[in-house]
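Hello,

Here is the structure I promised to hand over. My notes follow below it.

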Amino acid sequence: MDADLIVVIVVATALAFDFTNGFHDTANVVATSISTRAMAPQLAVGYAAVLNFAGAFISLEVAATVAKDVVAVRAEPEFMIVVFGGLVGAIAWNLITWYFGLPSSSSHALIGGMVGAAFVADGAEAVMGDGVLGKVMVPALVAPTLAFVVGGLAILFMYRIVGRLRPGPVSSGFRAGQIVSGGLLAVAHGTNDAQKTMGVIALALVANGSIAGGDDLTIPDWVVVSAATAIALGTYAGGWRIIKTMGSRIHKMDAAQGFAAQGAGAAVILASSQVGFPLSTTHTISGAVIGSGAAKRLSAVRWGVAGNIVVAWILTLPAAAAIGGLTYGVTRVFGTGAAGPVIVSVLIVAASTVLFLRRAQRGPAVTAAEA
Amino acid sequence: MISPLAAVDWDALLQVVWVSLLTGIGVTAVFAVAIYGATRAVDLSRDGRAAEAGLFGAVSVVALLVVGGAVIFGIVAMTDK
């Protein structure tokens with residue numbers, strides 16, 4: 001009974017994380033299309049939500065990486081508390097960075113939280129160093145850099161091809177192209193990010209003995225559908241907040257740059273998803289946007305934003321790991337039953353509510369990316 | 001102690017690099033060719049140069065088909081794995 005209740009709490013927490021992931025990342029997916037007026041805000045948000053949902057069904061390679069290559073799972077109900085601690089670590093770090101307006105990656109927070117909780121629970125041998133380094137950290141460094149290069153080269157080629165034409169039809173053409181490139185970016189986002197939640201839910205199900213782990217791991221259909229739904233709903237919900245702030249904070253770019261950035265971001269994320277690399281989609285899209293800007297004019301790029309991304313990249317994994325480990329420790333104080341997850345869930349909901357209310361009173365934090 | 005370099009799946013990483021470069025740059029450049037063809041076709045048509053306009057129009061259509069085909073191929077390749 002206790003184990004079943006813990007599974008329910010862990011799955012609900014994972015889906016809540018997935019929802020906040022969609023909510024948080026809507027801006028990355030739709031901002032470029034709205035900024036260049038390729039799509040009306042309402043349409044862009046709805047379109048992104050639908051394609052995020054569809055993207056979650058494309059591949060399960062990333063889910064398999066999260067479930068098999070990050071932490072050594074124990075097929076014991078107690079391990080669900082490790083998963084719970086990791087999830088809470090990621091959510092808490094996301095909330096803290098959201099409150100202070102710091103750029104951060106939900107994906108890195110999730111991986112960091114899992115690693116921290118597993119380390120505290122089972123020691124260093126529970127952390128699959130090869131997987132974390134080879135499938136998470138190195139790709140996490142390569143992907144934004146690659147997106148920067150691809151975005152930059154793409155815009156250089158494109159300007160070379162259409163540079164001498166009348167700007168009116170060219171802009172119209174690239175705006176039309178952004179309907180496709182923006183759609184691909186939404187699909188890519190849904191593919192990579194929803195799968196991380198699927199992987200975490202799979203970890204809990206393996207621990208509970210509901211499904212087989214290791215090479216026999218199969219992600220149940222209900223996990224895929226629920227993760228896809230949560231990220232799509234989060235994207236849609238987040239979009240309305242983005243719409244309200246559009247026009248004043250989003251960096252202006254021309255339609256060709258928007259098309260290049262979206263195309264580059266989608267290419268890198270989809271290629272990485274295909275081989276099972278769980279990336280920070282936020283950092284990858286940012287890399288493509290910065291690349292398409294830098295290729296046109298170096299001074300057009302807000303290099304402070306790039307610096308903040310690097311700092312966030314360095315900070316997020318250890319910070320989320322520390323919170324994940326701490327959460328596991330606190331939860332275990334209440335034993336291995338459902339009491340710990342229930343109490344910690346109540347605490348995190350209460351803390352979230354306080355943070356939301358305080359932020360609402362003070363107004364949204366202005367990040368370096370927005371300033 | 002395993003070397004950090006040995007932990008990296010270099011084949012997969014190189015695949016990501018070349019696929020991203022090829023599709024990210026290739027597809028966007030071909031789409032730019034489609035726009036070039038369409039814009040030139042309209043301009044030439046206005047000048048009464050129908051044959052040249054038709055040629056550029058055909059280039060535009062072929063480029064759009066290549067872009068559409070590449071997108072569909074990419075999605076099918078991912079779902080087939």
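**Helix packing and the chain contact**

The axes of helix 6 (residues 129–162) and helix 10 (residues 281–296) of chain A come within 7 Å and cross at roughly 35°. Axes are lines fitted to C-alpha atoms over the stretch in contact, with angles from 0 to 180 degrees between N-to-C directions. Helices are DSSP runs (H or I, at least four residues), numbered from the N terminus. The crossing of helix 6 of chain A with helix 10 of chain A is right-handed (near helix turned clockwise from the far one by less than a right angle). The residues of this contact divide into 13 nonpolar, 9 polar and 1 charged. Nonpolar means Ala, Val, Leu, Ile, Met, Phe, Trp, Tyr, Cys and Pro; charged means Asp, Glu, Lys and Arg; the others, Gly among them, are polar.

This is a predicted model: local features need pLDDT of at least 70, side-chain atom pairs pLDDT 80 or more, while totals for chains, interfaces and linings use all residues. Residues are numbered from 1 along each chain as written, with chains lettered from A and ligands numbered from 1 in written order.

Now the chain contact. It takes 39 residues from chain A and 33 from chain B (contact: C-beta atoms, placed from the backbone, within 7 Å). Helix 2 of chain B gives the largest share of the chain B side, 22 residues. That side has 23 nonpolar, 8 polar and 2 charged residues.

One residue to look at: Phe157(A), in helix 6 of chain A. Phe157(A) touches Ile25(B), Ala29(B) and Ala32(B), leaving out residues up to four places away in sequence. Phe157(A) is partly exposed, because 19 other C-beta atoms lie within 10 Å (buried is 20 or more, exposed 12 or fewer, partly exposed in between).

Best wishes

Note on methods. Helices (H or I, at least four residues) and strands (E, at least two) are DSSP runs, numbered from the N terminus. Two residues are in contact if their C-beta atoms, placed from the backbone, lie within 7 Å.
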